[in-house]
Amino acid sequence: MAADGAEASVAAGDEGSAEARLAAKLDAKAAAKAKPVESAEVAIRVQGVTKTFGLKNAVDDLSLVIHAGSVFGLIGPNGAGKTTTFSMMAGYLNPSSGSIDVLGFSPDRVEDLRGKLGVLPQDALLPANDRVGEFLVDMARLQGIASKDATRRAKDALEEVDGQTWWGVRCGALSHGMAKRVQLAQALLGDPKVVLLDEPTAGLDPRIAYEVRQIIKGRKGRCTLVVSSHNLSELEEVCDAAAILDRGRLMASGTMSELTAATEEVRFKVPPLPAGPILGAPEGAAKPPMEAIRELPMVTIAEYDDERGELIVHFDRSKPDVDAELVIGAVLWILVQQRVRISGVTKGRGLEQRVMDLTDKP
Ligand SMILES: Nc1ncnc2c1ncn2[C@@H]1O[C@H](COP(=O)(O)OP(=O)(O)OP(=O)(O)O)[C@@H](O)[C@H]1O
Ligand SMILES: [Mg+2]
């Protein structure tokens with residue numbers, strides 16, 4: 001993103017000391033318009049968006065609908081177009097064609113979206129010489145927060161990322177993970193209705209990454225969050241829905257259950273028995289009894305993948321009371337009775353497997 005994105009941030013920062021007066025004026029203007037966008041069911045709509053750099057389509061005819069109050073994941077390998085999409089949603093870049101609507105406004109309507117949109121850019125840099133507190137107070141003012149409240153709101157945001165002791169620390173003296181959390185605090189300042197987080201946990205230690213996930217989950221319902229990450233189990237945990245991108249194109253989108261087929265199949269990890277004379281196999285260990293499993297009334301297909309040591313069972317969810325838990329119970333009962341060793345059970349094929357299936361082709 002960079003060039004245009006950097007320019008946009010600098011332009012925002014140039015607005016200077018007239019900020020409070022301007023913000024008050026704009027608030028009054030926005031109130032007069034009284035557009036009830038915040039209660040709209042759709043928070044972000046991306047329609048046929050293409051972004052071209054030179055001859056390359058970084059984003060290629062992308063359409064998405066992101067529902068208000070949800071956590072939405074943007075997934076894809078390096079270069080898939082996630083950051084470019086974030087930059088367009090944040091108003092840092094304009095689409096080459098197509099349109100984006102955030103809370104009813106085009107993202108370049110800075111005044112209309114002030115205080116409603118929080119952004120954590122992927123490669124955000126902090127002003128090295130500013131103290132953390134000073135930086136956050138400045139950012140709060142830019143978000144349109146009145147100066148009498150700015151310090152308190154900045155402290156609240158810093159506390160939310162567990163950085164309350166850094167208020168007087170120079171930004172240039174923060175570690176990578178600490179700087180990332182200060183950027184996250186900046187994105188959450190003032191409770192914006194839409195929060196865009198491009199790789200919020202990249203480079204964080206596992207405990208802090210866990211805490212950031214709790215922050216994201218805690219905001220569910222209160223605002224709409226769009227999150228990218230290369231940690232797919234993390235996205236599976238926090239997201240309600242997601243889009244999988246590859247080379248700028250949308251490969252799949254839907255709720256997390258739809259993407260992982262969690263409502264259609266269950267998988268049992270059944271380690272294969274050693275070949276030849278069954279040396280080392282526990283006494284009585286057996287292969288999955290496929291016939292008995294296929295005879296279960298809710299089961300439509302059951303296969304055993306020898307190579308992966310995985311039993312895959314599809315079920316008919318249109319039947320009353322049939323869900324993954326019922327199928328797991330019925331199949332486990334059969335497996336246990338046959339003394340089959342089981343080392344894990346998952347609903348669906350897992351997000352990682354789905355992303356691999358959709359994006360690994362050269
Ligand atoms: N300012 C730019 N000028 C030229 N090409 C760009 C620019 N920004 C992005 N691209 C190209 O657009 C494509 C998408 O890049 P983008 O940064 O959106 O990917 P990404 O999905 O965020 O990847 P990553 O996981 O590595 O962050 C890449 O091929 C990249 O080289
Ligand atoms: Mg990126």
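Author: Let us begin with how two strands are joined: strands of a sheet pair through backbone hydrogen bonds, either parallel or antiparallel. Here strand β5 (residues 117-120) and β6 run parallel and are joined by four bridges, and within this pair Val119 stands opposite Leu196 in β6. Helices (H or I, at least four residues) and strands (E, at least two) are DSSP runs, numbered from the N terminus, and two strands pair if DSSP finds at least two bridges between them.

Reader: What kind of model is this, and how are residues and chains labelled?

Author: This is a predicted model, in which local features need pLDDT of at least 70 and side-chain atom pairs count only at pLDDT 80 or more, while totals for chains, interfaces and linings use all residues. Residues are numbered from 1 along each chain as its sequence is written, and chains are lettered from A and ligands numbered from 1 in the order in which they are written.

Reader: With which sense do β6 and strand β7 pair, parallel or antiparallel?

Author: β6 and β7 (residues 224-228) pair in the parallel sense, over five bridges, and Asp198 stands opposite Ser228 in β7. Between these strands the chain passes through helix α8 (residues 206-219), and this β-α-β crossover is right-handed; the term applies if, with the strands pointing away from the viewer, the path from the first strand over the helix to the second runs clockwise. Helix α8 has 14 residues and reaches 20 Å from its first C-alpha to its last, close to the 20 Å expected at 1.5 Å a residue, where the expected span is 1.5 Å times one less than the number of residues.

Reader: What is the strand order of the open sheet?

Author: The open sheet has six strands in the order β5-β6-β7-β3-β8-β9, with mixed pairing. Its edge strands are β5 and β9 (249-255), each of which pairs on one side only, and the twist averages 15 degrees from one strand to the next. Angles run from 0 to 180 degrees between N-to-C directions, with axes fitted as lines to C-alpha atoms, for helices over the stretch in contact. An antiparallel pair in this sheet is that of strand β8 (residues 241-246) and β9, with six bridges, where Asp246 stands opposite Arg249 in β9.

Reader: Is strand β6 mostly covered or uncovered?

Author: A residue is buried if 20 or more other C-beta atoms lie within 10 Å of its own, exposed if 12 or fewer, and partly exposed in between, with C-beta atoms placed from the backbone. By that rule strand β6 (residues 194-198) is mostly covered, since five of its five residues are buried. Val194, Leu196 and Asp198 point one way from the strand, whereas Val195 and Leu197 point the other way.

Reader: Which residues have the most contacts inside the largest nonpolar core?

Author: In soluble globular proteins, nonpolar side chains tend to be buried together. A nonpolar core is a set of buried Ala, Val, Leu, Ile, Met, Phe, Trp, Tyr and Cys residues joined through C-beta atoms within 7 Å. The largest one here has 69 residues, and those with the most contacts inside it are Met89, Leu136, Ala185, Val194, Leu196, Val226 and Val227. Helix α7 (residues 176-188) gives the largest share of this core, seven residues. Apart from it lies another core, of 14 residues, among them Phe268, Val270, Val327 and Val331.

Reader: Why is Val102 called buried?

Author: Val102, in strand β4 (residues 97-102), is buried because 28 other C-beta atoms lie within 10 Å. Not counting residues up to four places away in sequence, Val102 touches Ile44, Met89, Pro107, Leu113, Leu117 and Val194, a contact being two C-beta atoms, placed from the backbone, within 7 Å.

Reader: Where does Arg247 lie, and what is its phi?

Author: Most residues other than glycine have a negative phi, and most peptide bonds are trans. Arg247 has a positive phi of about 45 degrees although it is not a glycine, and lies in the loop between β8 and β9. Arg247 is partly exposed, with 16 other C-beta atoms within 10 Å.
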